[in-house]
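Hello,

Here is the structure I promised to pass on. Please open it first, then read my notes below.

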Amino acid sequence: MSAKAKRRLGLAGSYAILVVLSVVWLFPVLWVVLTSLREEKGSFVPNFFPEGYTFDNYIELFSDTSVFSFGQWFANTLIVSIASCALTTFIIISTAYVMSRMRFSMRKSMMKLALILGLFPGFMSMIAVYFVLKSVGLTQSLLALVLVYSAGGGLQFYISKGFFDTIPYAMDEAAMIDGATKAQIFTKITLPLSKPIIVYTILTTFMAPWMDFIFARVIMGDNYSKYTVAVGLYTMLSREFIDIYFTRFAAGAVCIAIPITLLFISLQKYYVEGITGGSVKG
Amino acid sequence: MDTQKIKSDLPTRISYVILGYSNFARGQRMKGILWFLGELLYILFMIFLGIPALGGLITLGENEQGWVYDEALGINVRTEGDNSMLLLLYGVAVIMITAAFVFYYLAAQKSAREAQAEEERGRRLPGFREDMHSLLDKKFYITLLAIPVIGVVLFTILPLVYMVLISFTNYDSDHQPPGKLFDWVGFDNFSSMLFEGGTLSRSFFPILAWTLVWAVLATATSYIFGVLTAILINKKGIKFKPLWRTILITTIAIPQFVSLLIMRNMLNDYGAINELLLKFGIISERIGFLSDSTLAKITVLVVNLWVGIPYTMLITTGILLNIPQEQYEAATVDGASKFTMFRKITLPQILFVTTPYLITQFIGNINNFNIIYLLTDGGPLNSSYYYAGSTDLLVTWLYKLTANQRDYNIASTIGILVFIISAVISLLTYTRSKSYKEEGGYQ
């Protein structure tokens, strides 16, 4: 066999593996789309392809508000995610900037403390967070969710700090000689240079409320009207609802997965720069 | 300027008791008044709320809720008892406020000494407006950190301290406030978890073992296969590279509770995969992907690949693109084989950059809640465990004990043990890793 033929065979093999991987990766996606269009209800059906196709699941998802109100959940989640995205991004970026650019006596110990706190399992303090919110009468409100999602931001600065570390300090010094204050350096020099990491932070913090189904459930209890989509969809799969709601769950899943996936793919570049930039340069 | 060495004069000494006096006496009126106001607030708070709350922290309540005979009415009336949960919470809050005040006090002393030092040097002291301005300049960090610190203290540190204290109480399903009181029990929870050999330790050690096995295998497999996938996609001659990557990273974009619940449904005994396999005659009996305890462990590891490969693939791709091509060209000139180049150039670079990532992944997998909870919910249930199943990790066990059993004391004990394990592992690995040592010079 010639070298060329050998290379061709190797490439063919690689393509074969990639195709198999793609099928495996997209299989659940295809299946949930098919389920969302399925005419017959119920969670387990003996066929992979539905016997009849319909858009009713989507229509009922939004129009039938007798038990659950998906439209309301969607609005709730949008409000919470926009608010917490703004607040969390501000918190993460400012903490990261401070840890990267400013020197003060508590800096090292604060950074170590952030690492240590991160080693505790998050669910350990779940119930205590609930007690804290309850003692100030904030449970079952969207504000509580925004606070809970944003408050942890002060511990998630490491990736952004890694990015800021790569911006030459000489630029700060030059600005200082020109009489700029630290606040001016932050807003006029560092921030405009940090678009990738800011987009990355906005992206991840915006997505978080769409994915969390634990804290939101603990805080909202059985108040269905205050649910976010994640908790709501999760509730649709509990034992008493699953038979009627499974196909609607699939429709709802498609409804939130499509915008998030599109958003994610369009901003993919920043995401990759974010995680690799943060880890490559330490 | 070393303010420590200056001998304190009278105003500075008065500042030990009356905060801000040194600033006030030297003309920084506003600053001095503010320091003092803070002190006054703290003292008033302690007298009216703080000290009683500390008493409650010690007793955790003495009067249980119950029925007491009321002579005037001639019937039993319900009396509100103490609420141990709230007493503990307030107690912790007071401790944290006191800790904050200690920092406040130290900062006030520093400010007092600085004012004295400036005066002795004959310099004019900065006025209030200049102090405010420095919050945007030299002390800009205080402005930026104020909100993050408050958030972390209220929603991370306070709850964490609270839960750590809970692990030294008997706050379990039998002692739920406000109906019942709970009390301090010392190290009882830890000893019954670790040493006494009851149901708790007979659950803890097997679950711990599975957690560690899971973390090692899950990290290793998704790392190795992720690196291989990245190399495969980046291979010369492969077309549509962005397309393949995009297909894989849809898993990151789709919420896990959607994709994993779908998987759970598909892998069920009566789910789509069993039906398909039966239909094509590949199997004659349904496979218990999630209902057989050994098979369920394999299933979660395999499904974890579906979630884990894309992340590693993304990071590795970034690294591969950053390796200078000249290195490979030089190696080719020297007659190195492809495998040698991989071993000597590609692999060391990947390993160097991804070591911290590997460690975070490992810790992340010890606490990997979503996969287990959504896919198997810890099941199949293991009757010899204390409310846990065969695939339960420590963290899902902790969650179940909190959410379903309300055995908060045991859940907290598990949380602390998980923390100790994670801390030891990260200390051992992280400080020894090459990238940490070389980063030392960077900071």
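Keep in mind that this is a predicted model. I start with the contact between the two chains. Chain B puts 93 residues into the contact, and chain A puts in 93 residues. Together they bury about 8,200 Å², with 80% of that area on carbon and sulfur atoms. Which part of chain B gives the most to the side that touches chain A? That is helix α6 (residues 140–166), with 19 residues. Sorted by class, this side of chain B holds 64 nonpolar, 21 polar and eight charged residues. Polar contacts do occur: nine residue pairs between chain B and chain A are counted, both residues at pLDDT 80 or more.

Next, chain A by itself. It has 14 helices and zero strands. Its radius of gyration is 24 Å, while the globule rule gives 19 Å for 282 residues, so chain A is more spread out than a compact globule. The C-alpha trace spans about 75 × 75 × 30 Å along its principal axes. Of the 282 residues in chain A, 52% count as buried. Now take the contacts in chain A with a separation of 6 or more: 71% of them join residues 24 or more positions apart.

B:E275 sits in helix α11 (residues 272–279). Is it buried or exposed? B:E275 counts as buried, because its relative accessibility is 14%, and the cut-off for buried is under 20%.

Best wishes

Note on methods
Residues numbered from 1 in each chain as written. Chains lettered and ligands numbered in written order. Predicted model: local features only at pLDDT ≥ 70, side-chain atom pairs only at ≥ 80, totals over all residues. Heavy atoms only, no water. Contact = heavy atoms within 4.5 Å. Buried area = accessible area lost by both parts, 1.4 Å probe. Polar contact = N/O pair within 3.5 Å; in protein donor to acceptor, adjacent residues only side chain to side chain. Helix = DSSP H or I, 4+ residues; strand = E, 2+ residues; numbered from the N terminus. Nonpolar A, V, L, I, M, F, W, Y, C, P; charged D, E, K, R; others polar. Buried < 20%, exposed > 50% of the residue type's maximum accessible area, 1.4 Å probe, protein only. Rg over C-alpha atoms; globule rule 2.2 N^0.38 Å.
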